[in-house]
Amino acid sequence: MPATPRWPTLSQLRVSDYSYFGQLGSYLQTISPKAQSSLEELANDVTRPGGAHWEGAAADAAIAQAQADVVTARTVMWSWDDVAASTQRWQEQLEAGTRTALDAVDDAEADGFEVGEDYSVTDTYEAETEEEYDERLEEAEVHAGLI
């Protein structure tokens, strides 16, 4: 069975808040440099456990592993910086899309149509002629297409 797209209801869209993207961006900008610094400190500490210089095959293996771990983890932490830089753009795009949809809903309602929770557009005006009915039906379809 194919998946059906799940859209927020009109009420949910009206109260949507995308500020969490900004919060995520701020958090990642704060945590990324701290995590990178801490990781480098840990890797450096491997060379001197307990403050004493460590030598031998076990030391060489531990130091090599710590350095490899830094390289692997740093790549992930750099992606945090990329995500942090993108969060503002994501928030702006979602807010613009929401505003566009809600403006279209407002326009439909201003023209005397009712917009349902599922974005369906129905006429609240009772047409007096068939021509008027056809015009309103066409107008409802235009509004529905914009929403």
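1. Helices (H or I, at least four residues) and strands (E, at least two) are DSSP runs, numbered from the N terminus. A further term is pLDDT, the predictor's confidence in each residue, from 0 to 100. Among the elements of this predicted protein, strand S1 (residues 113-115) has the highest mean pLDDT, 97, and helix H2 (residues 19-45) has the lowest, 91.

2. Because the model is predicted, local features need pLDDT of at least 70 and side-chain atom pairs count only at pLDDT 80 or more, while totals for chains, interfaces and linings use all residues. Residues are numbered from 1 along each chain as its sequence is written, and side-chain values use heavy atoms, with hydrogens and water left out. For the protein, the mean pLDDT is 91, and 97% of the residues reach 70 or more. Where pLDDT is low, the predicted coordinates should not be read in detail.

3. How do H2 and H3 cross? Their axes come within 8 Å and cross at roughly 165°; axes are lines fitted to C-alpha atoms, for helices over the stretch in contact, and angles run from 0 to 180 degrees between N-to-C directions. H2 and H3 are therefore roughly antiparallel to each other (angles under 35 degrees count as roughly parallel, over 145 as roughly antiparallel, 65 to 115 as roughly perpendicular and the rest as oblique). The residues of the contact between H2 and H3 divide into 17 nonpolar, eight polar and four charged. Here Ala, Val, Leu, Ile, Met, Phe, Trp, Tyr, Cys and Pro count as nonpolar, Asp, Glu, Lys and Arg as charged, and the others, Gly among them, as polar.

4. Ile-31 belongs to helix H2. With 27% relative accessibility, Ile-31 is partly exposed (buried means under 20% relative accessible area, exposed over 50%, partly exposed in between, with a 1.4 Å probe and protein chains only). Asp-81 lies 50 residues from Ile-31 along the chain, and their C-alpha atoms are separated by 9.6 Å.

5. Two residues of H3 can be taken together. Gln-91 is in helix H3 (residues 57-110) and is buried, at a relative accessible area of 12%. Apart from residues up to four places away in sequence, Gln-91 touches Tyr-18, Ser-19, Phe-21 and Gly-22, where contact means heavy atoms within 4.5 Å. Leu-102 is also placed in helix H3 and is buried, at 9%. Beyond its neighbours within four places in sequence, Leu-102 contacts Leu-10, Leu-13 and Arg-14. Of these, Leu-13 is 89 residues from Leu-102 in sequence and 8.0 Å away, C-alpha to C-alpha.

6. Val-46 sits in the loop between H2 and H3 and is partly exposed, at 21% relative accessibility. Leaving out neighbours within four places in sequence, Val-46 contacts Trp-54, Ala-62, Ile-63 and Ala-66. Val-46 and Ala-59 are 13 residues apart in sequence, with a C-alpha to C-alpha separation of 7.9 Å.

7. Which residue has a positive phi although it is not a glycine? Tyr-119 does, with a phi of about 75°. Tyr-119 is located in the loop between S1 and strand S2 (121-123). Most residues other than glycine have a negative phi.
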